[in-house]
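Please keep the sequence and the model at hand while reading.

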Amino acid sequence: MLVLWNTLIVITTFCLMEIVATLAHKYIMHGWGWGWHRSHHEPRHGWFEVNDLYAVVFALLAIVLIALGTAGWWPLQWLGAGMTLYGLFYFLVHDGLVHRRWPFNYIPRRGYLKRLYQAHRLHHAVNGKEGCVSFGFLYAAKPEALQAELRRRHGRKPKADAARARRDGKPVAQSESRAQDLPPKSAE
């Protein structure tokens with residue numbers, strides 16, 4: 001029975017981490033913590049960016065929870081394990097799939113990964129910390145809704161290449177992209 005509880009704690013923590021990460025992204029990273037996060041919205045030079053300090057902070061918190069839990073403070077180790085699992089998914093999906101921070105040249109063409117990919121591209125379509133959309137890392141609203149919200153906030157269409165792939169922080173040339181990378185255009 002304890003295995004079931006521990007598993008439930010890990011899964012619940014994983015799910016709650018998306019809420020925590022979304023709120024931290026919107027109100028801390030795009031708020032008073034913009035000094036670190038700004039590097040994530042600029043072209044990257046090298047392997048690391050200042051924004052990676054947020055991952056270090058969350059990792060240290062997970063390590064402390066796991067250490068306290070294994071020292072007898074059940075269920076803290078399982079909370080830390082859920083945070084660590086979320087961090088792994090973040091690394092694979094956000095850093096790998098969306099930002100290509102490791103050799104991974106897959107661009108999703110359909111399904112949820114495409115939606116997630118496009119939503120995050122639309123998040124980066126705005127210069128600066130104000131007026132962005134889609135602050136989640138593993139949850140994504142429909143790209144059409146995000147584009148409509150960007151138009152409402154900024155009175156114009158988002159950058160034409162916002163939902164297309166980028167390599168090394170530079171937009172992919174029009175000839176290299178595919179129309180299917182973009183969500184269908186709605187009538188205006």
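The model is predicted.

## Second largest pocket

The second largest pocket has a volume of about 580 Å³. Its lining comprises 27 residues, and those closest to the centre are A55, V56, G87, Y90 and D95. Three helices each supply at least two residues of this lining: helix 1 (2–32), helix 3 (52–70) and helix 4 (76–98).

By class, 18 of the lining residues of the second largest pocket are nonpolar, six are polar and three are charged.

## Helix 1 against helix 4

Helix 1 and helix 4, which both contribute to the lining of the second largest pocket, are also in contact with each other. Their axes come within 7 Å and cross at roughly 55°. An angle of that value makes helix 1 oblique to helix 4. The crossing of helix 1 with helix 4 is right-handed.

On the helix 1 side, the contact is formed by N6, I9, V10, T13, F14, M17, E18 and A21; on the helix 4 side, by W78, L79, A81, G82, M83, L85, Y86 and F89. These residues divide into 12 nonpolar, three polar and one charged.

## Helix 3 against helix 4

Helix 3 and helix 4 have axes that come within 6 Å and cross at roughly 150°. Angles over 145 degrees count as roughly antiparallel, and helix 3 and helix 4 are therefore roughly antiparallel to each other. Helix 3 passes helix 4 in a left-handed crossing.

Which residues of helix 3 and helix 4 meet? Helix 3 brings F58, L61, A62, L65, I66, L68, G69 and T70, while helix 4 brings L76, Q77, L79, G80, A81, M83 and T84. The contact of helix 3 with helix 4 has 10 nonpolar and five polar residues, and no charged ones.

## Helix 4 against helix 5

Helix 4 also packs against helix 5 (111–123). The angle between helix 4 and helix 5 is about 70°, with the axes 11 Å apart. Helix 4 and helix 5 are therefore roughly perpendicular to each other, and helix 4 passes helix 5 in a right-handed crossing.

In this contact, V93, H94, L97 and V98 of helix 4 meet L113, L116, Y117, H120 and R121 of helix 5. Six of the residues are nonpolar, two are polar and one is charged.

## Largest cavity

How many cavities of 30 Å³ or more does a search of the whole structure find? The search finds two. The largest cavity holds about 40 Å³ of space.

The lining of the largest cavity is made up of V93, H94, V98, L116, A119, H120, S134, G136 and F137. By class, the lining of the largest cavity has five nonpolar and four polar residues, with no charged ones.

Terms used
Residues numbered from 1 in each chain as written. Predicted model: local features only at pLDDT ≥ 70, side-chain atom pairs only at ≥ 80, totals over all residues. Heavy atoms only, no water. 1 Å grid on protein atoms, 1.4 Å probe; cavity = no way out; pocket = protein on both sides within 12 Å on 5 of 7 lines; lining within 4 Å. Points joined across faces, edges and corners; volume = space filled by probe spheres on them. Helix = DSSP H or I, 4+ residues; strand = E, 2+ residues; numbered from the N terminus. Nonpolar A, V, L, I, M, F, W, Y, C, P; charged D, E, K, R; others polar. Axes fitted to C-alpha atoms, helices over the stretch in contact; angles between N-to-C directions. Parallel < 35°, antiparallel > 145°, perpendicular 65-115°, else oblique. Left-handed = near helix turned anticlockwise from the far one by under 90°. Contact = heavy atoms within 4.5 Å.
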